Amino acid sequence: MIPVERAGKYVFEFDDLTFEIDPQIGARIRTFALAGQNVLTGPDVDPDNWGSTFWPSPQQRWNWPPVPELDSQPYQVSVSDGTLVLKSNPGTRANVSVEKRVRAVRERAAIDIAYTLTNTDTVAASWAPWEISRVAAGGLTFFPTGGAAVSNSLPVQNINKVTFYQHDAKAFGGSGQKYSADGSEGWLAHVSGKLLFLKTFTDTPTAAQAPAPEAEIEIYAAAKYVEIEPQGPYVQLQPNQSA
């Protein structure tokens, strides 16, 4: 299935599913919708923090705001055998580049994304891959419980080996709060109304995760939105090496 270009954005559409990515704004995912209901927030909710993006972890290595070359600046685009390939320029505050390979998997009603981090520094450096997806306020986020929590500033419940977080917009003032922990089984889900948003990925053992306060599963909540964030293995990359 080949993505269609519309006004500079690339769209996959099949059955009731719509997926849209904007290569001009950090190859950010704008839309992941079922029957017209988009599970992701837009810039109307927050002008900077919206949609689904990708960063290198740990954050303390590049601080804030996100690295523009990876998060908000244009990516190079090509299409090969139905796969949309997007490549960033090297980051300046995090010396990596990012490639995103996106394809539709119609038989599973899914979108498959392969992220590649490349070390563009002149020395070895360790990084983990980190996908950040913003969803609307008020939903329920959950994942299979793994090891102990690393950062626990959100009220979560652990029931039958599953960790649940119910978002309450009234619980927040001007700043957000974060929860991070080891997961298990390799999935992270969010429910909003009758819509289930499910991410699946390879489970990362505790010993292979980025150093605290990072972890395999992270949930960041603010008054207007929630971020659901899986991270992959923390690996050392030699100059020009990729993971």
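Me: Where does Asn63 lie?

Reply: Asn63 lies in the loop between β6 and α1. Helices (H or I, at least four residues) and strands (E, at least two) are DSSP runs, numbered from the N terminus. This is a predicted model: local features need pLDDT of at least 70, side-chain atom pairs count only at pLDDT 80 or more, and totals for chains, interfaces and linings use all residues. Residues are numbered from 1 along each chain as its sequence is written, and side-chain values use heavy atoms, with hydrogens and water left out.

Me: What is the phi of Asn63?

Reply: Start with the general idea. Most residues other than glycine have a negative phi. Asn63 has a positive phi, near 65 degrees, and is not a glycine.

Me: Is Asn63 buried or exposed?

Reply: Buried means under 20% relative accessible area, exposed over 50%, partly exposed in between (1.4 Å probe, protein chains only). Asn63 has 53% relative accessibility, so it counts as exposed.

Me: Which loop holds Ala109, and what is its phi?

Reply: Look between β9 (96–105) and β10 (110–119). Ala109 is not a glycine, yet its phi is positive, about 50 degrees. Its relative accessibility is 47%, so Ala109 counts as partly exposed.

Me: Now peptide bonds. Which residues does a cis bond join?

Reply: Most peptide bonds are trans. Trp64 and Pro65 are joined by a cis one, with omega about 10 degrees. Pro65 sits in the loop between β6 (52–57) and α1 (68–71). A cis bond also joins Ala212 and Pro213, with omega about 15 degrees. Pro213 is in the loop between β17 (195–200) and β18 (217–221).
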